[in-house]
There are 2 protein chains.
Amino acid sequence: MREFQLIEKIFKPLTKGCDAAQCLADDAAKISLKKNEELVISKDVMVENVHFLSDDGGFKIASKLLRVNLSDLAASGATPLYYMLGFSKTKDCDEKFLREFARGLKSVQDEFDLCLIGGDTVRSQEKFFSVTIFGKVKKWQILSRNQAKEGDLIFVSGTIGDAFIGFTKACESMKYFSQRHFFPTPRIELGKQLLAKKLSKCAIDISDGLLADLRHICHASKLDAEVFLTKIPFSIHAQKILKQVQDGGRVCSHPELVSGSKFTTLDLLSHGDDYELIFAVNPKNRKKILHLAKSLKLDLTCIGEFKKSTQKKFEVVLRNEKNQKIKIKKFGYEHF
Amino acid sequence: MREFQLIEKIFKPLTKGCDAAQCLADDAAKISLKKNEELVISKDVMVENVHFLSDDGGFKIASKLLRVNLSDLAASGATPLYYMLGFSKTKDCDEKFLREFARGLKSVQDEFDLCLIGGDTVRSQEKFFSVTIFGKVKKWQILSRNQAKEGDLIFVSGTIGDAFIGFTKACESMKYFSQRHFFPTPRIELGKQLLAKKLSKCAIDISDGLLADLRHICHASKLDAEVFLTKIPFSIHAQKILKQVQDGGRVCSHPELVSGSKFTTLDLLSHGDDYELIFAVNPKNRKKILHLAKSLKLDLTCIGEFKKSTQKKFEVVLRNEKNQKIKIKKFGYEHF
């Protein structure tokens with residue numbers, strides 16, 4: 001498929017005729033805001049064999065691409081509006097891949113009510129995709145990493161580590177894990193409610209790993225964080241697998257991991273790809289968070305507390321059931 | 001250099017402390033607008049061995065990357081504000097490359113008064129860079145491809161084909177051509193003045209080739225275009241080289257071109273990378289355009305006219321000095 005056809009057939013329908021896209025006829029898109037609004041923008045790039053495998057197929061790759069970007073908006077408390085797509089066309093990029101890719105984008109667009117407004121198509125040897133995503137917040141109302149306060153409780157949404165188990169392919173028979181790996185749920189509504197109900201000013205989404213991303217808050221807010229391993233929410237499925245792993249029954253089979261290696265509970269905290277939110281809550285709002293969890297039908301779990309950083313190291317301290325400090329070798333995924 | 005260092009040392013200084021960047025501490029940037037403003041956004045991706053060679057070095061690659069993106073804003077008549085950068089780090093990407101790359105970005109930032117507000121860094125096998133650029137226009141005042149009217153004159157800024165000659169490396173001894181190839185001048189001030197002085201509502205920048213990009217206007221505006229070859233502005237340097245080529249004295253030596261092959265005048269109209277503006281002007285404004293050219297110290301040349309498209313082909317007709325139609329084999333660069 002040539003560039004013109006690709007844009008007309010595959011991408012133009014994804015604009016849903018929205019004004020900002022200018023029918024994809026110009027190189028530029030345009031966005032208007034109401035006077036009490038601010039635009040929130042994030043940009044993420046995904047590369048073959050780093051963030052996805054070509055075998056994953058267009059639908060899964062596109063879904064994850066957009067969901068991961070939406071998660072950045074969730075962490076800001078923003079309402080999704082639009083996105084732009086940088087699309088690289090490799091030689092093996094056939095019409096089937098393109099149609100599946102577009103179907104993946106559309107399914108996420110429909111779920112989160114956003115549309116494509118522009119981008120660029122290039123040819124390359126290696127597959128990569130770049131998304132710039134746009135959302136809106138009310139002026140001065142945005143969740144940031146540097147807004148945690150001493151004594152704030154550390155909350156986390158959903159469950160941790162499922163995406164990692166999906167990634168290891170340790171349990172390919174269980175669709176649950178691969179779903180969590182390929183189709184993370186950006187916590188858009190949670191981010192918006194935290195702002196609207198004034199329950200938090202500080203959040204981050206877990207892309208690099210619970211411990212690594214929590215440490216980002218610590219650095220930005222100049223605080224330490226104390227986390228209790230026993231409080232970290234794992235899904236029933238993950239708990240089961242962790243027990244099997246400990247019993248020697250499950251091993252990794254993902255090509256990027258040492259085949260046959262086992263993983264531990266700590267791996268689940270340091271792999272990332274959870275796309276859950278970590279957020280800071282004043283203890284007086286604890287009950288309101290529990291109400292919010294109920295109304296969103298989403299687990300919101302207190303896993304620890306932000307503390308004054310006496311040594312100015314802005315570190316994450318992880319404690320076991322005996323309140324002992326657990327040594328952390330790896331905090332999270334490192335890009336390079 | 002690890003990711004954290006790369007961001008702190010190389011990219012953070014490029015934010016110039018602007019509010020929108022949020023110190024690069026969050027994944028998201030935020031932009032506010034005044035109530036009578038609209039945001040104009042464009043996204044361009046550049047890939048190694050397609051848009052640049054690794055040998056070109058960080059300074060040239062970064063300069064071109066940003067200048068090409070700025071040219072999209074120029075074609076909209078927008079004032080540059082910010083940009084986001086998707087940066088891929090390959091194995092051969094050493095500190096020297098990174099510092100040169102940052103120096104390239106900074107030089108363009110300083111010239112056009114914009115700053116970095118965010119982005120993403122990834123590792124990859126192949127070098128590629130993605131920029132999302134942001135500018136502003138007054139509400140409802142934007143240059144678009146679909147606003148040419150029957151009878152409008154076709155103007156073009158600067159000179160055509162210099163970048164192509166630079167690209168062919170046919171004349172490496174002449175710095176002029178490689179400067180035009182690596183350091184195109186986005187016609188920001190021209191775009192803004194065309195809007196401010198109400199001299200045009202329709203423009204495009206020449207990235208794919210004069211003929212191909214003019215055809216984009218024809219398609220969007222549903223008109224034909226008649227262009228006279230003798231009116232197309234070539235630089236004195238290009239005129240000289242064209243004569244030498246015709247005399248058999250110059251040949252291409254760029255690895256992507258057939259070594260030893262010659263180019264013709266038509267190649268200069270269909271290669272692209274000029275980043276000059278083509279714009280439509282009502283004949284009554286012809287004199288005002290000449291005044292504008294004087295005040296901007298920039299050649300603005302009328303090369304033809306938009307005509308009613310009787311056959312609805314929306315085509316570009318190129319005529320020679322005898323008013324004969326010249327057959328065009330290739331209109332412009334095709335991405336794939």
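Predicted model: local features only at pLDDT ≥ 70, side-chain atom pairs only at ≥ 80, totals over all residues.
Start with chain A on its own. Its secondary structure comes to 10 helices and 12 strands. Along the principal axes, the C-alpha atoms of chain A fill a box of roughly 65 × 55 × 35 Å. How does the radius of gyration fit the picture of a globule? A compact globule with 336 residues would have a radius of gyration near 20 Å. Chain A has 21 Å, so the value agrees with that expectation.

Now look for the sheet. Strands of a sheet pair through backbone hydrogen bonds, and the pairing is either parallel or antiparallel. In chain A, seven strands make an open sheet. Read across it, and the order is S7-S9-S6-S10-S8-S11-S12. The pairing in this sheet of chain A is mixed. Which strands stand at the edges in chain A? They are strand S7 (203-205) and strand S12 (325-326). Each of these has a single partner strand, so one side of each is left without a neighbour in the sheet.

S7(A) pairs with strand S9 of chain A, residues 277-281. The two run in the antiparallel sense, over three bridges. Pick out one position there: Ala203(A) stands opposite Phe279(A) in S9(A).

Turn to chain B and trace its sheet. Here an open sheet is formed by seven strands, in the order S7-S9-S6-S10-S8-S11-S12. Its pairing is mixed. The edge strands of chain B are strand S7 (203-205) and strand S12 (325-326), and each pairs on one side only. S7(B) is joined by three bridges to strand S9 (residues 277-281) of chain B, and the two run antiparallel. In S9(B), Phe279(B) is the bridge partner of Ala203(B).

Next, bring the chains together. How many residues are in contact? On chain B there are 56, and they touch 56 residues of chain A. The area buried between chain B and chain A is about 5,100 Å². Carbon and sulfur atoms give 53% of that area.

There are polar links too. Across the interface of chain B and chain A, 23 residue pairs are in polar contact, with both residues at pLDDT 80 or more. Which parts of chain B supply the side that touches chain A? Helix H1 (3-11) and helix H2 (58-76) each supply at least two residues. S2(B) gives the most, with nine residues. By class, this side of chain B has 23 nonpolar, 14 polar and 19 charged residues.

Charged side chains also meet across the interface. The rule finds four salt bridges between chain B and chain A. In one salt bridge, the side chain of Glu38(B) meets that of Lys30(A), at 3.8 Å from N to O.

Strand S2 of chain A (residues 37-47) and S1(B) pair in the antiparallel sense, over four bridges. Ile41(A) stands opposite Ala29(B) in S1(B).

Key:
Residues numbered from 1 in each chain as written. Chains lettered and ligands numbered in written order. Heavy atoms only, no water. Contact = heavy atoms within 4.5 Å. Buried area = accessible area lost by both parts, 1.4 Å probe. Polar contact = N/O pair within 3.5 Å; in protein donor to acceptor, adjacent residues only side chain to side chain. Nonpolar A, V, L, I, M, F, W, Y, C, P; charged D, E, K, R; others polar. Pairing = 2+ DSSP bridges. Rg over C-alpha atoms; globule rule 2.2 N^0.38 Å.
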